[in-house]
Amino acid sequence: MDDRLALAALAVSAWGQDFYKGRTVELYIGYSVGGGYDIYARLLARHLGRHLPGRPLVVPKNMEGAGSLRLANWLAKAAPRDGTVFGTIGRGIAFDPLLGTEGAQFNASEFGWLGSANDEVSVCAAWGKSGISRFEDLYVRPVFVGGTGAGADTDLFPKVMNSILGTKLRLVTGYPGGNDITLAMQRGEVEARCGWSRSSVKTNHPQWVKDGTIKLLVQLSLDKHADLPDVPLIMDFVKTPEQRAILRLVFARQVMGRPFLAPPGVTAERLAVLRRAFMETMKDPAFLAEAEKIKLEITPVEGEAVQRLVAEIYATPREIVRQAAQAVR
């Protein structure tokens with residue numbers, strides 16, 4: 001059996017080399033330059049080519065809009081399906097069709113998921129000068145929070161917290177990317193940012209946490225991160241089994257913290273080549289050394305596991321989906 005698998009892998013590699021040699025592979029990023037998704041994608045682009053047969057050039061390109069929903073729709077409807085194009089979108093965008101997000105024009109189970117660079121924990125953070133210092137403060141008065149688009153974590157998480165838990169977050173949406181929300185906090189346009197990846201905070205603003213420039217209010221995930229033992233978990237605030245089930249549906253997306261995906265219709269053989277190259281890159285010493293240097297957290301999830309997760313979420317009981325969809329509206 002091992003010999004047959006080895007021969008099959010060799011055949012796929014040789015087949016892929018004939019295709020990829022001399023080509024350019026385009027990696028599209030659903031957000032503006034400088035945010036967490038952009039940083040992860042550009043790091044991947046610098047190393048992935050060495051692990052693709054034929055060693056093609058991998059070129060990152062930004063296609064921001066609607067919290068990366070624009071890119072998801074383009075991948076589903078218009079992107080080449082030959083394995084020369086893939087992308088990275090917000091971790092929750094895959095579930096927009098389930099939740100009734102306007103403008104979602106795809107079925108996420110049809111994408112070819114390459115994998116995720118990490119299993120993510122997000123946070124809700126307030127600007128230190130806002131006077132908001134703990135989660136319970138969000139029940140007291142309206143707090144203005146920045147968002148990037150209808151289906152993005154930055155928009156969906158505040159809506160869910162308001163609807164299910166009763167917080168008073170006021171969403172100001174339409175920023176091109178997470179980095180723009182951070183600038184908006186600095187300018188005083190908004191007071192907080194929710195759905196902010198802990199890894200992105202660690203990479204871009206570690207000193208802000210230490211000196212109190214921002215206050216981490218709550219972890220938005222199913223489980224706490226080991227580095228944040230004193231920051232409460234969103235699941236700690238649920239009061240009923242129905243609330244817990246809805247929040248579980250919403251925050252299960254965190255497993256695919258930095259997802260990469262190919263358009264529907266890419267052949268199984270070529271998808272296998274891309275998935276294998278992705279996971280080999282995640283273990284590449286040069287890649288990991290650069291990730292460590294720029295403080296990116298790498299806890300990869302294989303493409304097959306992400307594909308299964310998406311299928312499982314799409315199989316959620318209809319009543320729970322209905323309540324979750326109502327919550328985000």
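**A histidine and its surroundings**

Author: Leaving aside neighbours within four places in sequence, His 205 is in contact (heavy atoms within 4.5 Å) with Thr 182, Trp 196 and Ser 200. Before going on, a word on what you're looking at: this is a predicted model, where local features need pLDDT of at least 70 and side-chain atom pairs count only at pLDDT 80 or more, while totals for chains, interfaces and linings use all residues. Residues are numbered from 1 along each chain as its sequence is written, and side-chain values use heavy atoms, with hydrogens and water left out.

Back to our histidine. His 205 sits in the loop between α7 (198-204) and α8 (206-211). Helices here are DSSP runs of H or I with at least four residues, strands are runs of E with at least two, and both are numbered from the N terminus. Is His 205 buried or exposed? Its relative accessibility is 15%, so His 205 counts as buried. The cut-offs are under 20% relative accessible area for buried, over 50% for exposed, and partly exposed in between, using a 1.4 Å probe and protein chains only.

Now try some other loops. Gly 257 lies in the loop between α9 (241-251) and β10 (259-262). With a relative accessible area of 0%, Gly 257 is buried. Not counting residues up to four places away in sequence, Gly 257 touches Tyr 37, Arg 91, Ser 116, Asn 118 and Glu 120.

Ala 108 belongs to the loop between α4 and β4 (112-116), and Ala 108 also counts as buried, at 0% relative accessibility. Beyond its neighbours within four places in sequence, the contacts of Ala 108 are Ala 94, Trp 113, Val 310 and Tyr 314. Ala 108 and Ser 68 are 40 residues apart in sequence, and their C-alpha atoms are 14 Å apart in space.

You'll find Ser 68 in the loop between β2 and α3 (69-77), with a positive phi of about 80° although it is not a glycine. Ser 68 is buried, at 0% relative accessibility. Arg 55 has a positive phi as well, about 50°, and is not a glycine either. The loop that holds Arg 55 runs between α2 (36-48) and β2 (57-62). At 58% relative accessibility, though, Arg 55 counts as exposed.

On to the helices. In α13 (residues 318-328), the buried residues are Ile 320, Val 321, Ala 324, Ala 325, Ala 327 and Val 328. Looking down the axis of α13, these buried residues fall within an arc of 155°, so they line one face of the helix; the arc is that of the directions from the helix axis to the C-beta atoms. As a general rule, an α-helix has 3.6 residues a turn, so residues three or four places apart point the same way. What do the buried residues of α13 pack against? They pack against α4 (96-99), α5 (153-165) and α9 (241-251).

Zoom in on one of them: Val 321 is buried, with a relative accessible area of 10%. Not counting residues up to four places away in sequence, Val 321 touches Leu 98, Leu 249 and Thr 316. The C-alpha atoms of Val 321 and Gly 100 are separated by 9.6 Å, though the two are 221 residues apart along the chain.

As for α3, its buried residues are Leu 69, Leu 71, Ala 72, Asn 73, Leu 75 and Ala 76, and their cover includes β1 (24-29), β3 (85-88), α4 and β10 (259-262).

Finally, step back. The protein chain has 13 helices and eleven strands, and buried residues make up 56% of its 329 residues. Of the contacts with a separation of 6 or more, 79% come from residues 24 or more positions apart. Along the principal axes, the C-alpha atoms fill a box of roughly 65 × 45 × 35 Å.
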